[in-house]
Amino acid sequence: MSNFVIYTDSGCDIPVGILKEWDVKLRKLTFCFDGTQHYYEDGDLPSHEFFEKMREGAISKTSAINTETFRQAFCVEAQQGNDVLYLGFSSGLSTTCNCGRMAMEELKKEFPDRKLITVDSLSASAGMGLLLYLAVQKKAQDCSIEEVADFIRDTRLQLCHWFTVDDLVYLKRGGRISPTVAFVGNLLGVKPICHVDDEGHLISVGKVRGRRNSIRVLADKFGELAEDPTSGPIYVCHGDCADDVELLRELLSCTDRAFSTGRGVGMRTRALLLAALAGYRIASVTLPDLPEDLSGREMQQIGLLLLCLPLEMRQR
């Protein structure tokens, strides 16, 4: 079996240290505050500074990874005789994945014997991170690069993503809601309930009044969509909204939700990238079979509350 390397990008929201443990290579997106460029990586900009800038009204502008950056990275692997599987940030949210795909198409002419495969995750953050973890596990089981790619393609639409945002300004900036809707919604305390569709877009599917009610909707979605709410650990991800996270954990722990407290609720933070798309204040709930060490890592996450259900948990 030929050697192959798994590549990903910042959209997965997995810390660099864990990616190294997984033997996954990373290309980094960038963001800009007031003309200063930063990488989406651990330690480049402390999370408390990121949050504070957003509270002060600063806009984080994200830049995709260009084709040449991918070409150089993949070329090195091909020259070393390695095949490459790239799992990319949703094409419905960024041009990054398509840039990676174009780089591979160019290199196939130069290295016709190498297998260069791009898989669009159609997701981001917890969902993409889960797909990446599953890809790593399949590789560890001695699956071929084609088998891993096919597995991810078959699995990506079996994930379920639900989230809500606390401030509508970033949804307005991304063109997902109109300026009028954003102004009136913020004035009335309306919180949108959003979903990631099968093309990887963030779409609004409902709205409620008040942050507490929006958090309750996510807990309700868990009860509604999880085929077996008692299986697997639950990871609550957040950024700068610890009180909201505690409320969500309480709701998930209610007896009428058949939640298995015996497995515990892990805490982790991440998703600076999604913050640039959706705004600050995030808490996310993920229900995969992920390694326990993720629960104690300090990561950064802002902008939304997210519920992500993996393949074995989801009802369509």
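## Helix α5

Let's start with helix α5, which covers residues 125-140 of this predicted model. Its 16 residues stretch 22 Å from the first C-alpha to the last, close to the 22 Å expected at 1.5 Å a residue.

Much of the interest here is in what's tucked away. Buried residues of α5 include Ser-125, Ala-126, Gly-127 and Met-128, and Leu-130, Leu-131, Leu-132 and Tyr-133 are also among them. After the helix comes Asp-142, with a positive phi near 70 degrees.

## Salt bridges across the chain

The structure has six salt bridges. In one of them, Lys-25 meets Glu-77, with 2.6 Å from N to O. Lys-25 sits in strand β2 and Glu-77 in helix α3, so this pair ties together parts that are 52 residues apart in sequence. Glu-77 is buried, with a relative accessible area of 2%, while Lys-25 is partly exposed at 33%.

Another bridge joins Arg-114 and Asp-83 at 2.8 Å, N to O. It links distant parts of the chain: Arg-114 is in the loop between α4 and β7, and Asp-83 is in strand β6, 31 residues away. Asp-83 counts as buried at 1% relative accessibility, and Arg-114 as partly exposed at 22%.

An α-helix has 3.6 residues a turn, so residues three or four places apart point the same way. Arg-71 is partly exposed at 23% relative accessibility, and Glu-68 is partly exposed at 37%.

Methods
Residues numbered from 1 in each chain as written. Predicted model: local features only at pLDDT ≥ 70, side-chain atom pairs only at ≥ 80, totals over all residues. Heavy atoms only, no water. Helix = DSSP H or I, 4+ residues; strand = E, 2+ residues; numbered from the N terminus. Expected span 1.5 Å × (residues − 1). Buried < 20%, exposed > 50% of the residue type's maximum accessible area, 1.4 Å probe, protein only. Salt bridge = Lys/Arg side-chain N within 4 Å of Asp/Glu carboxyl O.
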